[in-house]
Amino acid sequence: MKDLKHLIFFEDLLLEANNKLIQQARQEGKICVAYTCENTPEPLLNLEGTFSARLRAPRTGSIDVATYYLTSFLCEYSRALLERAIEGGFNFADCIVTPDGCSMMNRCVENMELLHTMGKDNDRFFFEYMEIPMKSDDNGLNLYKLQCENHILKPLKEHYGIDVSDAAIRKAVAEHNRVCELIRAIGEFRKGPQPRITGYEFCVFNLATYVAPHYLLVDMLEETLEELKTREPDEKSPFRARVVVVGSEVDDTDFIKLIEESGAYVCADRYCYGSLPGRDPIVLTDDEDALTQICRQYMQRGQCPRYMNTEKMLGRRQYVADLAKEYGADGIIYQQMKFCDPWAYEKMLGSHILREDYGYPVLAVDRPYAIAGSGQMRTRVQAFVESIEIKKIQGGASNG
Amino acid sequence: MSKPLKIVLKILGILFLLFTGTFIIYFFNLDMKLTSMIEPFLLKHYDNIPRNRHL
Amino acid sequence: MAKEIGADRLGDFYVAGSKVRNRREWRGVQDTLYDYSRWLKIMMTLGKFMMKPRNVKAFFRYRWMANYLAVPMMVDRHTQGLRGEYLRMCHTEQDLIIDDVAKLLDNLFRGDRRIGNDTEFSKKVVLVDENEMTAVMMGFPMLKCLSRETPSTYVSVLLNQHAAEHYIDVAQEFGLAGDVCPMPEAEAGVSIDDDAPVLGACAIQCNTTCDGSLLGNGVISKRLELEDGVPVFQLAAPLRHREDDVQEYAAQEIRNAIAFVEKHTGVKWDWKEYFECAKRVNYATKCRQEWLDMNRTDYPQVFGSNLALYTETNYMAICGRVADFEKADRKLSKLAQQAYKKKMRAAKEYRHRAIVWGVQSHFYMDFLVWLLNCWGIVPLTDMLSMVSTKMIAEEDTPENREQAYYDMAWLTENMIMRNRTHGGYRVLLDELWQFTEEFNADMVILWEHICCKALDGMHGLFEDRARDLGINLVWVQHDLFDPRIINRQGVRDQINNYMRTVMREEPIDPSLEILPDEESW
């Protein structure tokens with residue numbers, strides 16, 4: 001297929017945590033709100049005068065220093081972030097907001113704080129730790145709202161004079177939704193037998209929206225969407241199967257590239273930093289304050305395994321099944337970052353349920369943070385693709 | 001010797017034997033030695049119980 | 001064989017390749033007869049339990065019941081080297097716990113659909129997690145609050161170090177990663193292996209202790225709720241428990257949990273009973289504080305596993321609901337005061353005063369008495385005993401009834417262990433050094449449960465701070481329930497190496513340095 005005009009620019013953005021758009025926004029006087037978890041409502045970090053940056057550590061090499069602090073038993077994502085912070089790689093942040101979502105992420109940020117890795121020359125810098133609900137119910141909603149008020153809005157107002165009014169929040173939601181709509185529209189081109197965008201390309205565009213200021217990306221995303229409307233798909237698809245990738249955070253586009261180079265087209269991205277449901281627009285009405293509505297939607301659509309009420313647990317697997325159907329997937333890859341506790345359990349349950357109850361072929365893998373050269377992973381995915389092909393042939397033969 | 005006295009002595013004798021016997025078991029850890037010999041047979045038994053094993 | 005403390009070479013009781021020891025200790029006539037009498041009582045408790053045909057049936061049905069063959073040995077391990085008041089304290093606690101667990105088992109099997117199948121009884125049963133404060137049941141005297149995980153995994157591993165291995169393997173066979181905490185992993189394994197009793201009107205699961213518990217509950221509830229038809233309420237206890245802005249959430253969860261139990265059992269909450277339990281909770285807190293105050297002096301009395309195991313049981317599992325534990329508290333305090341007045345010591349030599357921090361090696365709880373006997377390290381207190389010191393409302397008034405929800409929420413959030421491993425770095429890291437100072441400790445034994453990410457995540461900062469403060473910090477790594485990863489000798493060697501190389505000391509009892517207990521219960 002013809003190269004997308006802005007792909008290289010977006011790829012370059014992802015090579016650095018402190019990418020050029022973050023630098024530009026800061027030069028324009030905007031406050032960078034760093035965060036680490038999808039349970040932090042993004043629009044609240046993108047008010048007038050602020051922009052959000054979900055932390056990642058591209059081109060991570062050694063994580064020895066972070067391993068000393070966190071030990072080798074914590075997930076590599078948390079260690080990579082801490083290593084980068086210790087190196088000074090996150091000094092572009094003006095504050096950091098983290099939920100006490102998983103123990104590892106919490107300890108990672110606490111270490112960042114106690115080792116004074118960020119905000120050295122900024123006496124307005126703050127670290128905030130939120131409680132987030134573990135169940136999707138009224139009590140959880142009340143908590144979520146209070147926590148957002150106390151640990152996001154209030155500190156932004158007190159430290160940086162940010163307007164946190166309902167009107168300001170609504171404006172932020174509108175801008176957030178614009179990006180979501182663009183990403184979802186671009187994502188629609190993954191459907192059908194001849195997709196016009198590869199999973200890798202989509203991952204690049206989508207990931208950039210988490211790590212660079214939205215307002216500097218919107219124009220390029222609009223152009224990309226226009227390009228895709230007329231992009232000619234390859235005559236013969238290089239892919240032999242379509243898969244949904246589910247699981248813990250994926251901020252390394254090389255992982256998606258590896259899967260696709262192994263023959264499986266990534267048609268849907270149900271992982272942290274993914275677009276499903278991370279790029280679902282937030283629908284606001286006028287009969288209730290915006291903050292409550294944002295919290296409710298984040299809570300209800302959240303697919304994080306720490307949501308523990310029965311409806312949510314069942315809902316997560318149903319959601320994956322629904323995505324597989326909607327995107328025409330032949331199989332599902334459940335992946336987890338090595339040493340991720342929440343996804344260790346969710347991967348076990350999800351892969352069994354999607355296989356036994358929903359009849360999908362499932363590959364369950366765990367992986368390191370940086371995966372580019374992994375021969376083992378390539379072999380696993382290749383074998384999985386072959387098994388899907390065999391299943392299709394056998395299914396065709398029995399029907400024929 | 002009167003009958004009640006004989007009965008009392010008999011009871012004391014039995015209690016003494018019981019005490020000695022149980023004390024020997026206690027001191028030489030015979031109770032644990034016995035149960036530790038039983039354990040392997042029990043484990044084999046548990047392995048053979050049909051189970052409805054699933055998530 | 002001798003009456004005096006420390007006269008025996010305690011390591012000589014171990015036999016290579018054997019599960020059990022060659023004999024019990026001679027502690028002098030009085031203490032030996034006392035220990036013998038307690039052994040007889042345990043035997044009678046076990047005998048009484050096995051007299052019931054349903055319990056025999058359960059014994060042959062549930063793999064984890066085999067571990068109960070080792071009950072007397074568990075007591076022997078914890079009383080090793082003890083004399084006088086210390087021996088009596090240990091027995092007061094252990095015998096009561098054994099009694100309580102026997103009742104728990106009896107009740108479980110009575111209601112179990114596979115065993116006793118007493119359906120009317122089962123309608124009055126509320127299942128709770130092992131890793132859950134039972135505060136929410138304080139006002140339900142007519143209901144039976146039973147935990148399946150406590151006897152199947154938690155107590156089992158105390159009895160037999162190898163108890164959880166089978167269930168860990170089962171969970172991993174089904175695809176669970178091996179690096180997760182083996183406690184919820186084993187609990188999930190019991191459920192997967194179809195080895196859990198099935199009973200109850202409803203169940204309350206809680207996200208305590210940690211992520212692992214939260215997620216492991218999902219595996220268990222899938223079967224319990226969706227197949228066995230036992231409705232489950234997930235009780236959310238906020239992680240950031242020291243913050244004011246989570247307390248309303250926590251209290252509302254308690255209200256919701258109580259409403260759930262009322263709905264599914266038809267039994268109403270009893271405030272009178274609640275406040276009776278609250279008084280016992282406060283009394284237990286008061287006693288624990290007294291013991292800890294004594295431990296700050298040169299003559300600590302209630303320490304080691306006498307403190308740790310008992311606190312875990314009384315604070316968490318009992319939570320004021322059983323009057324016998326109040327009597328035990330009283331007796332323990334009396335024994336402690338007696339020994340304190342006489343300036344007694346539990347071992348031949350006290351060389352070091354230690355705070356034991358971190359998550360204990362559950363398969364080797366008697367490590368604490370080993371520290372004392374082998375190296376003269378006095379474990380003054382441990383992280384699991386540094387629980388809530390707050391006095392809760394105990395008088396029945398309308399204001400206190402409202403306050404009670406917050407008190408129950410507070411207790412639930414401040415569950416054993418998680419009150420330190422979660423809630424921010426202050427409760428785990430900063431407060432350790434405060435305690436070290438308060439207890440005049442020269443050493444910290446830091447249990448590093450390698451799969452506890454909340455704890456591991458502070459490793460480097462513990463090191464840095466200990467170095468800055470000049471405190472001897474001894475890391476003792478383990479994997480909680482799985483001795484195959486680091487076995488008991490591996491645990492001991494971490495202390496042995498530190499004491500020899502850094503402290504340049506010789507053991508008080510060299511026979512304890514290397515023990516052939518790999519096969520042992």
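**Exercise 1. Work out which residues join α12(A) to α13(A), and how the two helices are arranged.**

Solution. Start with the residues: A:R316, A:R317, A:V320 and A:A321 from α12(A) meet A:E346, A:G350, A:I353 and A:L354 from α13(A). Sort that contact by class and you get four nonpolar, one polar and three charged residues. Keep in mind that this is a predicted model.

Next, the geometry. α12 covers residues 310–326 of chain A and α13 covers residues 341–356, and the pair packs at an angle of about 55° with the axes 10 Å apart. That angle makes α12(A) oblique to α13(A). For the handedness, look at how one passes the other: the crossing is right-handed.

**Exercise 2. Decide whether the radius of gyration of chain A agrees with that of a compact globule.**

Solution. A compact globule of 400 residues would have a radius of gyration near 21 Å; chain A has 21 Å, so the two agree. As for the inside, 56% of the 400 residues count as buried. Then check the contacts with a separation of 6 or more: residues 24 or more positions apart account for 75% of them. The secondary structure tally for chain A is 14 helices and eight strands.

**Exercise 3. Describe the side of chain C that touches chain A.**

Solution. Count first: the contact takes 43 residues from chain C and 40 residues from chain A. Then find the elements of chain C that each supply at least two residues to its side: α9 (211–226), β4 (232–235), α10 (247–265), α18 (453–456) and α19 (459–469). Of these, α9(C) gives the most, with 10 residues. By class, the chain C side has 20 nonpolar, 14 polar and nine charged residues.

**Exercise 4. A:H116 and C:M417 each have a positive phi without being glycine. Is each one buried or exposed?**

Solution. Take A:H116, with phi about 55°. You'll find A:H116 in the loop between α5 (103–114) and β4 (126–130) of chain A. It has 10 C-beta neighbours inside 10 Å, so A:H116 counts as exposed.

On to C:M417, with phi about 80°, in the loop between α15 (398–413) and α16 (418–421) of chain C. Here 24 other C-beta atoms lie within 10 Å, so C:M417 is buried.

**Exercise 5. Locate the cis peptide bond from A:L276 to A:P277 and the one from C:T208 to C:T209.**

Solution. The A:L276 to A:P277 bond has omega near 0°, and A:P277 lies in the loop between β6 (264–271) and α11 (290–301) of chain A. For C:T208 to C:T209, omega is near 15°; C:T209 sits in the loop between β3 (202–206) and α9 of chain C.

Technical notes
Residues are numbered from 1 along each chain as its sequence is written. Chains are lettered from A and ligands numbered from 1 in the order in which they are written. This is a predicted model: local features need pLDDT of at least 70, side-chain atom pairs count only at pLDDT 80 or more; totals for chains, interfaces and linings use all residues. Axes are lines fitted to C-alpha atoms, for helices over the stretch in contact, and angles run from 0 to 180 degrees between N-to-C directions. Helices (H or I, at least four residues) and strands (E, at least two) are DSSP runs, numbered from the N terminus. Angles under 35 degrees count as roughly parallel, over 145 as roughly antiparallel, 65 to 115 as roughly perpendicular and the rest as oblique. A crossing is left-handed if the near helix is turned anticlockwise from the far one by less than a right angle, and right-handed if clockwise. Two residues are in contact if their C-beta atoms, placed from the backbone, lie within 7 Å. Ala, Val, Leu, Ile, Met, Phe, Trp, Tyr, Cys and Pro count as nonpolar, Asp, Glu, Lys and Arg as charged, and the others, Gly among them, as polar. The radius of gyration is taken over C-alpha atoms; the globule rule is 2.2 Å times the number of residues to the power 0.38. A residue is buried if 20 or more other C-beta atoms lie within 10 Å of its own, exposed if 12 or fewer, and partly exposed in between; C-beta atoms are placed from the backbone.
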